[in-house]
Every structure is written in structure tokens, then in C-alpha cells.
Amino acid sequence: GPTITQFSVEPGYYETIDGHFVKVQSDNICELSADLAMSLATSNVQIYPLLQKGTIAIDIPNARREIVGLRDVLESSEFKSIDSTLGVGLGVDVAGSPLASSLQELQNILLVGKSRSGKSVLLDAIISGLLLQNTPRDLRLLMIDPRKVELFQYRRIPHLVDSIAVNLEQAASALRWALNQVELRIIRFRKSGVTDFSAYNLVTAEHSLRLPYIVVVVSELADLVNEKEDDAQRIISHMARKALTSGIYIIAATRNPTPQVITSSVKFSFPTRLSLAVNNTEESKIILGQSGAENLLGKGDMMASLPEQKSPLRIQGAYISNDEVEEITEFWERVSNVK
């Protein structure tokens, strides 16, 4: 892959004193990361089980690292084969193959990473990918940015439901609005005799009555939970149970994966959890259920816990520059001004 080379090892057997053959325990192999790093004169060697393959992964950092451009992922056959306008180009896996999916498959997404881990760039890559596939008629974005810096560049795009929420009162109001939209859509579906978003838009003859997708983007989940803990977690959890069939999705990010922020209800609400480099083993276990994210190399190197996957995947996240994000937002601003 562009960042690491992964070796896959199948544990063998050893003979005991009484002549029995016993399989080597995976823990005995995983404990050797420091010794292997010293032997190779490198750092950040990771050893962990690959449950889906029944083997042990040994990840060795490459001497030379390659940048994975978002455009390369979006132009790949893997991305083009997605039958959805909500395609997400995550990056490249350890085999060097582009990894892409759709929000329908990924469902709600939680991004976690410390400063300089690449979290903000990955968030920009996901948002920009959605903007490249959808007009404002097909996709509306509800953005919550309590720190007033992460989502500032999107303030003029015509896809916005409303101005970016930059304080806690606006954020709470935005979340309640989104929850209300879920309830209203469910009522509309029942009246039309359908059960979900896609079926409703198929049977709706009048184009003006068709519903757009709504994606709620939260730049820092910890700020909402710390100030409005019960309210924010209740709304997000309630939305997660009903929103997916309503064409409404949540993408949230945080630098602080504490037990107070990433509760069991939040984990349930976000089937896709993308962990970039974190501060320690405890934070890795909170977000992924295992250690490893504390040893990631930064700059988009991540472990992804995805629906239907038994264990996290090692991915190099897609990169998009600030200038490229600005070009995309300026394009949509020009289009809206012409109309």
C-alpha cells in the first residue's frame, strides 16, 4: 500500500514436552511488535489479528510514503461501480486498491483523530465527494461547527439547509430540526404507501415533490455532548434508529474519544467508525474495540471499522487540498448566483 506494507502470518504449532502439538496463541505474536521494530530499525510496527482471514497482520511502515489523491479514488472503477450519488471515496487499502462505498452502505460515519492526524482533511474529502455528485436539489447539508473553523469554507454553497450552526443554541436547534424532518418524512411515506426514501422518490410522479438527501455534518461532537449531553445524545440516537430509511445521514467528527463522548449509544448510532491517529491505547479501544490506532502514522493513516467487517481495515485516507475544496465551493457559488 501507499503507507505500509502488510505481511499476513498464519500461526503455526509447537510441540509440548509430552508430545502434544499446540497452536501458537495470537497474543504471543502480537507482543513482538517492539522487538520486530528494533530488528528492522523502524518504528510504529503494528501486529494485530485479521479476523476475517484468520491470520495475523504485521504492518511495516514504508520508507517512502505516497499521497492518495481524492481524484484518483473517485475516478477508480471501484468508485464508479457504486450505484448511488452518495458515494464516499475513503482511500486506498493495504493492497493498494481504492476503497469506496456509499452512505447507504456505510450509514452514519464517526471520524476520530488527534490534531495533525488528517481528520479534517478526511472530512473535507467526504464532503467534497458528495458535492461533486449532487446538485442542491438532490442533496442538502446541515452543518454544525461549534469551533467556527472546520466548515467555514462551505458557508456559501447552495446545498446548505441554513447558515452553519456555530454556537450551541444553533446546534441544538439544527439537531431538533433534523429529527423533525425524520418524523415528517416517515408520515409522508406512510401516506404514499411506501416504507423508505428510495421507494418514495420512485413513486412520486411530480419532480417538485421529490425529497433530497440530507446529510448532517458535525465538526466536533464532543462540544455538543459536553454542553448538551442528554439532549444531543438522545437526538442523535433517536435519529440513528429512524433516519437511514428517511434519506438522512450523520457524519460527525471529534478529537476527544472519551467514554463520555463515545458512549455505547453513540457507537450503535455510527456503524462506520474511522479512527486516525489517537493519543493512547484507551482511546483506540473506545473507538475500535481494540488497540492499534495509537500507533498510526498520521496524515490520513487510519483504521476503519466498517459494517459487515469482522475487524478494522488499515487504510490510507484520500487527500484533498484546501485550494481544491475552495475550487469546488466557488463553482457551486457561481452556479447559484447565475440562477
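Let me start in helix 6, where Lys119, Leu122, Leu123, Asp124, Ala125, Ile126, Ile127, Ser128, Gly129, Leu130 and Leu131 are buried, buried meaning under 20% relative accessible area with a 1.4 Å probe and protein chains only. Helices here are DSSP runs of H or I with at least four residues, strands are runs of E with at least two, and both are numbered from the N terminus. Because eleven of its 13 residues are buried, helix 6 is largely enclosed by the rest of the structure. This helix covers residues 119-131 and reaches 19 Å from its first C-alpha to its last, close to the 18 Å expected at 1.5 Å a residue, where the expected span is 1.5 Å times one less than the number of residues.

Before going on, a word of care: this is a predicted model, in which local features need pLDDT of at least 70 and side-chain atom pairs count only at pLDDT 80 or more, while totals for chains, interfaces and linings use all residues. Residues are numbered from 1 along each chain as its sequence is written, and side-chain values use heavy atoms, with hydrogens and water left out.

Turning to the whole protein, we have 13 helices and 14 strands, and of the 339 residues 50% count as buried. The C-alpha atoms fill a box of roughly 75 × 40 × 40 Å, taken along the principal axes. Finally, among contacts (heavy atoms within 4.5 Å) between residues at least 6 apart in sequence, 64% join residues at least 24 apart.
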